Amino acid sequence: MWKNIYLKMTYKQKFRATDELIGSMIKLMSTLDQDTQSKFTGFFSVSAITVYELAIKEIIIDYAEHCHCDYGYFMGNHLSRLNGRIRIEDLKKGVKNLGDRYENRFKNRLEKEKRNIYGKYEKDLCNSYNNLIQCRHSYVHAGNINLTFRECIDDYMIGKHVIKCLYLALK
């Protein structure tokens with residue numbers, strides 16, 4: 001049961017450490033050579049996807065616990081192996097398993113959020129979210145970085161909107 005106590009933060013609180021990391025890293029990056037910047041960008045992508053995973057777990061476990069405490073316990077154990085499988089398509093499949101109502105809510109929320117952020121960002125919501133996941137994957141498994149630090153930050157900030165959509169769909 002200690003696991004549930006540890007997880008009891010709002011999904012937005014999961015972002016706090018990575019949001020703070022951005023401020024520190026922005027100052028540091030201009031003082032580093034290109035190769036070191038690339039490594040720090042990879043490190044940032046790992047941190048960003050980790051907090052995405054934690055936020056998604058929190059949202060799904062809260063939903064499950066709201067349905068039934070045993071279901072919440074089951075989902076907590078089941079999601080302990082989530083491990084980077086959080087692409088948009090993965091989220092859509094997971095929400096679809098909860099029923100048409102939630103699947104439609106999630107799709108509608110994503111479409112609405114795409115329109116809401118259109119003028120604020122130059123990038124597409126779903127592509128940005130998936131790009132950051134791919135950047136993390138490339139860095140962890142091959143040592144390659146396919147985004148700049150600025151692109152990583154932008155994709156992270158945009159991707160938080162996807163998680164917000166998941167939260168609102170399951171609320």
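Is Glu103 buried or exposed? At 11% relative accessibility, Glu103 counts as buried; the term means under 20% relative accessible area, with exposed meaning over 50% and partly exposed in between (1.4 Å probe, protein chains only). The model is predicted, so local features need pLDDT of at least 70 and side-chain atom pairs count only at pLDDT 80 or more, while totals for chains, interfaces and linings use all residues. Residues are numbered from 1 along each chain as its sequence is written, and side-chain values use heavy atoms, with hydrogens and water left out.

The partner of Glu103 is Lys107. The two residues form a salt bridge, with the closest N and O atoms 3.2 Å apart. A salt bridge here is a side-chain nitrogen of Lys or Arg within 4 Å of a carboxyl oxygen of Asp or Glu. Both residues lie in helix 6, 4 residues apart, about one turn of the helix. Helices are DSSP runs (H or I, at least four residues), numbered from the N terminus. Lys107 is partly exposed, at 37% relative accessibility.

The structure holds 10 salt bridges. Among them is the pair Lys14 and Glu58, whose closest N and O atoms are 3.7 Å apart. Lys14 lies in the loop between helix 1 (2–7) and helix 2, and Glu58 in helix 3, so the pair ties together parts that are 44 residues apart in sequence. Both Lys14 and Glu58 are buried. Another salt bridge joins Lys92 to Glu89, with the closest N and O atoms 3.9 Å apart. These two residues are 3 residues apart in helix 5, so about one helical turn separates them. Lys92 is partly exposed at 26% relative accessibility. Glu89 is also partly exposed, with a relative accessible area of 44%.

The largest nonpolar core has 46 residues. Such a core is a set of buried Ala, Val, Leu, Ile, Met, Phe, Trp, Tyr and Cys residues joined through side-chain atoms within 4.5 Å. Phe44, Tyr52, Tyr129, Tyr156 and Ile163 have the most contacts inside it. Two or more residues each come from helix 2 (16–29), helix 3 (34–67), helix 5 (88–96), helix 6 (100–117), helix 7 (125–142) and helix 8. Helix 3 gives the largest share, 12 residues.

Lys171 is found in the segment after helix 8 (149–170). Lys171 is exposed, with a relative accessible area of 62%.
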